[in-house]
Amino acid sequence: MIVGQPVDRRDGRMKVTGRARYAAEFPLQGLAHAVLVQSTIAAGTILSFDTADAKGQPGVLAIITPDDAPRLQTKKASQQMVTAPLLQDKDIIYNGQHVAVVVADTLDRALEAAARVRVQYRQGEAVTIMDQALGQAAVPKHFRNGARPPDSQRGDPDAAFATAPVKIDVTYTTPVEHHNPMEPHATIAMWQGDRLTVWTATQGISGAQTTLATLFGVEPQNVRVVSPYVGGGFGCKGNTWPPATLAAMAARVVGRPVKLVLTRAQMYTSNGYRPRTIQKLKLGADQTGKLLAMRHDGFSQMSQPVLGEFVEPVALATEMLYACPNVAVSHRIVPVNQGLPTYMRAPGEASGVFALESAMDELAIALKMDPIALRLANYAEIDPHENKPFSSKKLRECYAQGAAKFEWSRRTPGPRSMRDGRWLVGLGMATATYPNNRRAASARVRLGTDGVAIVQSGTQDIGTGTYTVMAQVAADELHLPLSHVRFELGDTRYPKAPVSGGSSTVPSVSPAVQAACAALRARLFDMAIADPRTGWSGASHSDLRFENGVVIGPDRRITVPQLLAHQNLAFVEAEAESKPGDEKNEHSLHAFGAQFAEVRVDLETGEIRLTRCVGAFDAGRVLNAKTARSQLIGGITYGIGMALFEKTEVDAETGRIVNANIAEYLVPVNADIPPIETILVANDDRIGNPVGVKGMGELPMVGAAAAVANAVWHATGVRVRDLPIRIEDVLA
Amino acid sequence: MNPFAYERASNAAGAVAAVAGHPGAAFLGGGTNLVDHMRLGVASPDLLVDITKLPFDRVEELPSGGVRIGAGVRNSDLAADQLIRSRYPMLSQALLSGASGQLRNLATTGGNLLQRTRCVYFQDVTTPCNKREPGTGCSAIGGYTRYHAILGASEHCVAVHPSDMAVAMVALDATVVVLGRLGERRVKLVEFHRLPGDDPWQDTVLGHGELIVAVELPALPFATRSAYRKVRDRASFAFALVSVAAALDVEGGTVRDARVALGGVAHKPWRATQAEAALRGAPATAESFRRAADAELAAARPLDGNAYKIPMVRNTMVAVLRDLSAEATP
Ligand SMILES: Cc1cc2nc3c(=O)[nH]c(=O)nc-3n(C[C@H](O)[C@H](O)[C@H](O)COP(=O)(O)OP(=O)(O)OC[C@H]3O[C@@H](n4cnc5c(N)ncnc54)[C@H](O)[C@@H]3O)c2cc1C
Ligand code: SF4
């Protein structure tokens with residue numbers, strides 16, 4: 001079995017030696033460079049452009065403004081108007097909105113000309129901070145794409161809360177955060193007649209193909225999207241945001257291939273962000289800790305309605321995580337003059353479980369109960385919201401194995417009860433959960449006379465290991481050594497696969513790869529049975545085996561090159577699609593985990609430092625122990641950023657994001673990250689999908705911030721309900 | 001980025017002449033601050049005079065027992081220098097707490113002193129800022145002020161100076177040696193950076209075309225027991241929320257002399273003269289340290305977003321002085 005082994009990432013060497021080619025790195029003849037000009041006000045209208053100075057700069061090829069931008073089919077494009085603003089009108093709805101594109105023969109010249117474009121505005125009224133617009137809170141119209149209402153209720157939570165002997169009634173808030181992948185958004189676009197090729201940093205090549213085809217009014221098959229390597233996405237490359245479209249528009253205008261790479265500052269207003277949330281939590285319990293009532297009302301920041309809708313689904317985990325008879329949740333959106341928010345690693349769960357699992361900690365304190373014991377007292381054996389069994393749930397094992405490794409038993413319950421010299425020590429824990437998503441995906445496999453299987457799927461590797469684990473799955477299915485399997489992705493010429501989002505790549509694509517390989521084997525068996533020289537006519541597939549490139553049957557064996565030669569073929573090929581069936585109707589599909597954090601808080605300065613993290617997860621079957629661990633430590637690290645550092649600061653007056661760079665927007669650095677120990681509890685969930693895996697890209701970030709916040713409480717006695725937790729929150 | 005010319009100076013006088021005679025010229029040290037500002041549009045020199053090949057790259061002992069640091073000495077080299085580490089440990093610590101290894105390898109002593117504020121509005125050319133564009137107003141006041149000043153600010157600017165190195169140097173009573181067209185002059189580092197007053201665009205007393213050639217540290221025997229403590233959100237690679245540089249001379253339980261400077265609190269590295277006065281002759285106790293801190297902080301005026309700096313400075317100063325006095329007690 002190659003699956004499960006800690007195989008090195010196949011793209012690793014290419015990346016560390018600089019040979020992996022990212023979107024901005026494809027050398028094309030005559031490449032021109034585009035730079036975006038963005039608005040400097042938060043609301044109003046553009047009155048006019050003064051482009052004379054900019055146009056006079058050397059090397060300038062075009063300055064595209066709403067006055068002369070080609071018209072696009074924006075109406076048809078998509079529910080969330082991630083396709084706007086595309087220079088189709090002159091309305092300004094946020095500061096940092098694209099208003100013009102400058103194209104020049106070199107990047108420096110384009111930058112200089114862009115800095116010289118002057119824009120006259122008529123300033124409008126802007127509300128830039130969510131907390132000032134709560135009166136405008138609205139019910140989402142397309143929650144979960146209309147699949148369910150934004151509110152839900154079971155039992156009578158208000159009545160149960162009123163009479164509950166122990167109550168928690170608190171409000172948590174989380175800030176706007178930005179994804180900050182290492183690679184900024186980048187696109188090279190090239191037109192050949194009506195055919196468009198784009199090299200772009202995207203988590204979804206198929207979506208990019210559809211969106212661009214729609215916007216430019218061409219057939220999808222005339223748009224080719226190539227994206228072999230992506231330098232991190234975390235959600236901000238999930239949709240086809242305006243820069244990719246504007247690059248294609250610029251290429252059309254200047255009649256040359258055009259490259260458009262966002263600056264780091266532009267990354268803060270061009271491809272979404274995690275919206276600010278305000279979450280009201282009510283928990284009621286009896287004296288033994290049994291939950292009697294839960295209410296979770298979430299408000300999340302939205303842009304102006306013309307950009308469609310994005311809701312941070314903060315309360316979905318609250319519906320299913322604990323066995324409580326009376327639960328109500330609601331989701332509201334609050335429009336402000338900011339860009340459109342979007343998915344950011346564990347959208348909903350990251351913010352929502354921070355609130356829920358902090359509140360559970362507060363409840364444990366009120367009950368004088370061990371936090372794990374409280375969770376076990378409310379363990380949901382079946383999904384209490386959908387009233388269905390889980391396909392599998394090893395959360396108990398996560399608590400137990402995590403607690404053992406972390407030595408949770410050393411924790412003394414009182415706050416400020418553990419010390420180490422000048423440091424106050426705190427231990428905290430929280431639960432993690434994330435849905436196990438799967439979408440339809442296809443793959444193709446071709447086996448030639450050289451005995452090498454080339455597997456292709458139009459999926460993406462956003463730095464997670466797709467190249468590696470899919471090759472492992474194929475190698476096992478075909479009984480080939482890993483060296484004889486090549487996996488190719490990131491090109492719309494390959495069979496269609498879904499966006500790499502919602503942790504769904506492995507659960508979606510690995511079944512397709514497995515199915516394609518099984519189909520290939522079946523084809524080989526058919527060929528072998530039909531081949532008169534094998535003498536196997538009348539045999540069935542079950543009489544045959546395929547190993548190391550050889551079909552083995554009763555009394556004899558035949559190699560693939562022989563089989564192909566007998567039929568004058570250069571290769572044999574098979575393609576398969578794999579998609580979810582009705583498993584979701586009968587089961588609730590989720591991954592789970594338990595997070596543990598140890599913090600030290602300096603008694604005098606208030607500095608907060610993590611000294612240890614342990615995460616134990618039920619992520620189904622593990623395809624690769626190494627890439628899995630990388631996902632887990634990466635996710636926990638992202639969660640630490642959420643807990644202690646990350647916050648996008650908005651100037652209320654101008655609506656401008658003022659810390660739009662990674663010197664002033666803090667993400668954790670190496671020195672902030674303690675040893676992280678990870679555990680993957682044994683599981684193999686064949687109900688969720690035929691490979692038995694659960695997505696684990698987002699899971700390890702969920703609950704991490706709550707574990708840290710709970711540890712900070714334990715260290716200091718200070719409950720911080722507003723992220724990030726800052727020194728000033730705990731400074732005595 | 002504005003098109004610009006580049007030349008490499010081969011001697012100091014030539015460098016001074018090149019910049020002084022050209023209003024749009026600037027000296028280029030490591031470029032870690034200036035080049036960022038050129039990209040942001042905050043600075044747009046049309047001539048860069050590279051001074052990194054000038055022979056200012058040495059750390060030398062002075063006959064007086066002090067040390068002379070060439071303006072071109074890189075931050076990483078200065079931090080590792082044996083003289084500095086043994087005689088002025090606070091300076092080595094301050095340097096190592098600044099920026100990242102890569103940046104310290106480039107950053108020069110002169111450039112570090114002249115790095116400009118990290119006020120986010122100063123760095124964003126779309127917002128008003130008196131320091132960047134005189135007379136346009138101060139966006140920070142009433143805006144995002146978590147990193148801003150609590151001491152010595154004015155209604156025109158509340159920015160802080162971001163250097164760690166300069167805080168230790170101010171505590172050590174450094175002198176800046178400057179070469180101008182009329183020759184050399186020497187400026188006390190405490191007087192080198194300015195308070196914002198009503199002309200916050202002037203960070204320092206340096207005139208256009210004046211070149212820093214060296215920084216001199218006088219002998220200060222008790223600085224062998226000194227420390228720099230920087231409080232910041234991240235454990236590394238973050239600017240100070242506040243910082244404290246201190247040296248303590250304790251004998252028989254009494255403070256004979258003290259040097260204290262603060263970072264992250266003012267438009268300049270802040271020499272805590274009130275605290276020093278309160279410490280001199282006082283018993284080396286936590287109570288004295290607290291009183292010294294309070295004496296310095298009496299003048300503090302917090303903004304909406306930075307009131308936390310007052311207890312943070314107090315606690316940090318007390319902790320640093322206590323640790324130093326504990327070292328002093330055999
Ligand atoms: C991400 C980041 C994080 C940082 N974190 C910290 C931190 O935590 N603590 C800290 O202290 N600093 C920090 N810094 C700032 C860093 O220390 C400075 O950028 C650096 O010291 C500047 O030195 P330089 O030689 O590169 O200056 P340059 O950028 O070359 O020059 C800066 C200015 O000084 C002028 N100049 C340079 N040399 C001379 C001279 N000899 N005479 C006259 N004028 C001169 C230049 O004309 C320019 O105006 C950080 C910087 C970055 C980018
Ligand atoms: S504090 Fe100073 S630097 Fe910052 S905006 Fe105000 S004037 Fe400019």
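A: Two strands count as paired if DSSP finds at least two bridges between them, and in the model shown here, which is a predicted one, that rule lets us read the sheets.

Q: In what order do the three strands of the open sheet in chain B stand?
A: Strands of a sheet pair through backbone hydrogen bonds, either parallel or antiparallel. In chain B, the open sheet has the order E1-E3-E2, and its pairing is parallel. Strand E1 (5-8) and strand E2 (25-28) of chain B are the edge strands, since each of them pairs on one side only, and from one strand to the next the twist averages 25°.

Q: How many bridges join E1(B) to strand E3 of chain B?
A: Four bridges join E1(B) to E3(B), which spans residues 47-50, and the two run parallel. To find a place in this pairing, look at Glu7(B), which stands opposite Val49(B) in E3(B).

Q: Which helix lies across E1, E2 and E3 of chain B?
A: Helix H1 of chain B, made of residues 12-20, lies across these strands, and it runs at about 145° to E2(B).

Q: Do E10(B) and E11(B) run parallel or antiparallel?
A: E10(B) and E11(B) run antiparallel and are joined by nine bridges, with Val244(B) having Leu262(B) in E11(B) as its bridge partner. The two strands form a hairpin with two residues between them, and in this hairpin Gly252(B) takes a positive phi near 55°.

Q: Which residue in the turn between E11(B) and E12(B) has a positive phi?
A: That residue is Gly264(B), whose phi is about 75°, and the hairpin it belongs to has six residues between E11(B) and E12(B). The pairing of E11(B) with strand E12 (residues 270-271) of chain B is antiparallel and covers two bridges, and Ala261(B) stands opposite Arg271(B) in E12(B). Strand E11 of chain B, residues 254-263, is itself mostly covered, with seven of its 10 residues buried.

Q: Why is helix H5 of chain B largely enclosed by the rest of the structure?
A: A residue is called buried if 20 or more other C-beta atoms lie within 10 Å of its own. Helix H5 (residues 89-96) of chain B is largely enclosed because seven of its eight residues are buried; among them are Met90(B), Leu91(B) and Ser92(B). The buried residues of H5(B) pack against several elements of chain B, including helix H3 (75-80), helix H8 (165-171) and strand E10 (242-251).

Q: At what angle do the axes of helix H11 and helix H12 of chain A cross?
A: A helix crossing is described by a distance, an angle and a handedness. The axes of H11 (residues 466-478) and H12 (residues 505-530) of chain A come within 9 Å and cross at roughly 30°, and the crossing is right-handed. Among the residues that meet are Val469(A) and Met470(A) in H11(A), and Val509(A) and Val513(A) in H12(A). Sorted by class, this contact has 10 nonpolar, four polar and two charged residues.

Q: Into which domains is chain A divided?
A: Chain A is divided into domain 1 (12-125 + 182-232 + 237-268), domain 2 (143-176 + 274-437 + 585-730) and domain 3 (441-579). Taken over C-alpha atoms, the centres of domain 1 and domain 2 of chain A are 36 Å apart. Their contact takes 16 residues from domain 1 and 22 residues from domain 2 of chain A. On the side of domain 1 of chain A that touches domain 2, the residues divide into nine nonpolar, six polar and one charged.

Key
Residues are numbered from 1 along each chain as its sequence is written. Chains are lettered from A and ligands numbered from 1 in the order in which they are written. This is a predicted model: local features need pLDDT of at least 70, side-chain atom pairs count only at pLDDT 80 or more; totals for chains, interfaces and linings use all residues. Domain bounds come from an automatic or database domain assignment. Two residues are in contact if their C-beta atoms, placed from the backbone, lie within 7 Å. Ala, Val, Leu, Ile, Met, Phe, Trp, Tyr, Cys and Pro count as nonpolar, Asp, Glu, Lys and Arg as charged, and the others, Gly among them, as polar. A residue is buried if 20 or more other C-beta atoms lie within 10 Å of its own, exposed if 12 or fewer, and partly exposed in between; C-beta atoms are placed from the backbone. Axes are lines fitted to C-alpha atoms, for helices over the stretch in contact, and angles run from 0 to 180 degrees between N-to-C directions. A crossing is left-handed if the near helix is turned anticlockwise from the far one by less than a right angle, and right-handed if clockwise.
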